[in-house]
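Student: I am new to this structure. Could we go through it together, please?

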Amino acid sequence: MNIASELKLTAVTKDSKKTAGDALVIGVGQQSGAPVLLDSPLSAKDAKALADSLPLLGITGGADEVRRLPGLEGATAEVLVLTGVGRLPSDGTLTQEALRRAAGAAIRQLIGLDSVTIALPAATVADAAAVAEGAAMGAYSYDEHRSARAAKDGSPAKQPVKSVTVVTPVAQDRQLKAALSRASILGRGVNITRTLVNQPPSHLYPETFAQAAKDLSKGLPIKVTVLDEKRLEKEGYGGILGVGKGSSRQPRLVKVEYSPNSAKKSLAFVGKGITFDSGGLSLKPAAGMQTMKLDMAGAAVVLSAVLAIAELGLPVKVTGWLCLAENMPSGSAQRPSDVMTTYGGRTVEVLNTDAEGRLVMADALAAASEEAPDALLDIATLTGAQMIALGRRVSGVMGDDDVVDAVKGAADRSGELFWPMPLPEELRPSLDSQVADIANIGEKFGGMMTAAVFLREFVGEVNGRKIPWAHLDIAGPAFNEGAPYGYTPKEGTGVGVRTLLAYAEDVAATK
């Protein structure tokens, strides 16, 4: 598996026309329906000439609009790039997410260039960091399985931008160096997630995913423990084993631990890792399987988040649980009406084998609870109902109010779209089983919430109190089937990594 190296990020305060690079990026917004050139280091003469030319060039300043023009006279950059930021607020101040998306859109569409200078309005460290984050997430491509023959001229695929310089008046601020380092690490984490999601199921399955976790953790203060099918059976992980029974590729539970001596709080992250979901004997329609390599995105997010947290050296203990299985139909597959015993002894009647993610996660939630973390988060591409409720770009978050609020706050600051959803008590009776402790499906309407109610049953207690918990459903946002936008490419998006990292940072900062 090829993982791209981190984007090199630097900052300067000097005139960007004199800054070396293949391209210079500046911003264009929309105001009263007309394009407006944003503040930049261009001379007043150059800025006026360019601003007057915008309507003639058909440039609108809309979000995701990226246009290339010849470089300005006297500039070292051969290409001038205009990137749209969309409608400008009344005070003209751009949000950090607008900066991320504008920078990301430019870098994504400048693939093939080596170095780029970005001169968007970034007056503060936080703004400059947002530009850097957008660039780091935009510098991504996935071409691991393309041969040279795929290109008409036989040339290798174009590579993402390798180096970005951010023009900002706070380039000398001591805090910016750390912010740029974080942006680079964050971008790498998002891109690792994307690459794992984009891997075909012929190459990524439980055993190879577990090996990838080991390989990616090398050089970091992380302990990786892999439970194979024999150990899973010995220790009673019936959920993971049950889902993986139909495949020739045996399941795994991977425990990824980061435990610094300075940690005063502990977190547990549980990720769904179905490396391919056929639906099992409750077989999906053929069209419904075409994107089901994505069903391990939650586990990829958890792994990448732990890697980033460890690389940043946050003073918080974090344990990631990757629940890895392939859900396939065969003579050995679990059947509708089977009863399985999950880790910890709770029994589940399997009424639908395509509701498998909650089964593998039930094992890990119970196991993680035994370690009594201060908070327990799970993340999964769990239900199609998430997309019905919130669409393809907004993820759902459910659980205990305090944790949900904290997750929502972390998501808002990091630029990811999460929306709190309730867990109505009337949904629990629909999961009652006549033959087991609980059934794996219940009320059809509000299925995203019903699935969360099921998962809540497996969250343990400490001293008679439930462990603070939240469930993140990223079914739609984890995989982009449409056109690229902002810093987001087609297919794997990496959504969730930023939120888990920001949440861990908040917990680490709590006294």
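Predicted model: local features only at pLDDT ≥ 70, side-chain atom pairs only at ≥ 80, totals over all residues.

Student: What is the strand order in the open sheet of eight strands?

Tutor: The order is 8-9-11-10-14-20-15-16, and the pairing is mixed.

Student: Which strands stand at the edges?

Tutor: Those are strand 8 (223-227) and strand 16 (418-420). Each has a single partner strand, so one side of each is left without a neighbour in the sheet. On average, neighbouring strands are turned by 20° against each other, direction ignored.

Student: How many bridges join strand 14 to strand 20?

Tutor: Five bridges join them, and the two strands run parallel. One of the residues involved is I379, whose bridge partner in strand 20 is L472.

Student: And which strands does helix 13 lie across?

Tutor: Helix 13 (residues 447-456) lies across strand 14, strand 15 and strand 20, and runs at about 145° to strand 20.

Student: Now to helix 4. How far apart are its end C-alpha atoms?

Tutor: They are 37 Å apart. With 25 residues at 1.5 Å a residue, helix 4 should span 36 Å, so the two values agree.

Student: How many residues of helix 4 are buried?

Tutor: Of its 25 residues, 19 are buried, so helix 4 is mostly covered. At its start, a side-chain oxygen of D173 comes to within 2.8 Å of the backbone nitrogen of Q175.

Student: One last topic: is S266 buried or exposed?

Tutor: S266, found in strand 10, has a relative accessible area of 16%; that is under 20%, so S266 is buried. Beyond its neighbours within four places in sequence, S266 contacts V316, K317, A372, P373, D374 and A375.

Definitions and conventions
Residues numbered from 1 in each chain as written. Heavy atoms only, no water. Pairing = 2+ DSSP bridges. Helix = DSSP H or I, 4+ residues; strand = E, 2+ residues; numbered from the N terminus. Axes fitted to C-alpha atoms, helices over the stretch in contact; angles between N-to-C directions. Contact = heavy atoms within 4.5 Å. Expected span 1.5 Å × (residues − 1). Buried < 20%, exposed > 50% of the residue type's maximum accessible area, 1.4 Å probe, protein only. Polar contact = N/O pair within 3.5 Å; in protein donor to acceptor, adjacent residues only side chain to side chain.
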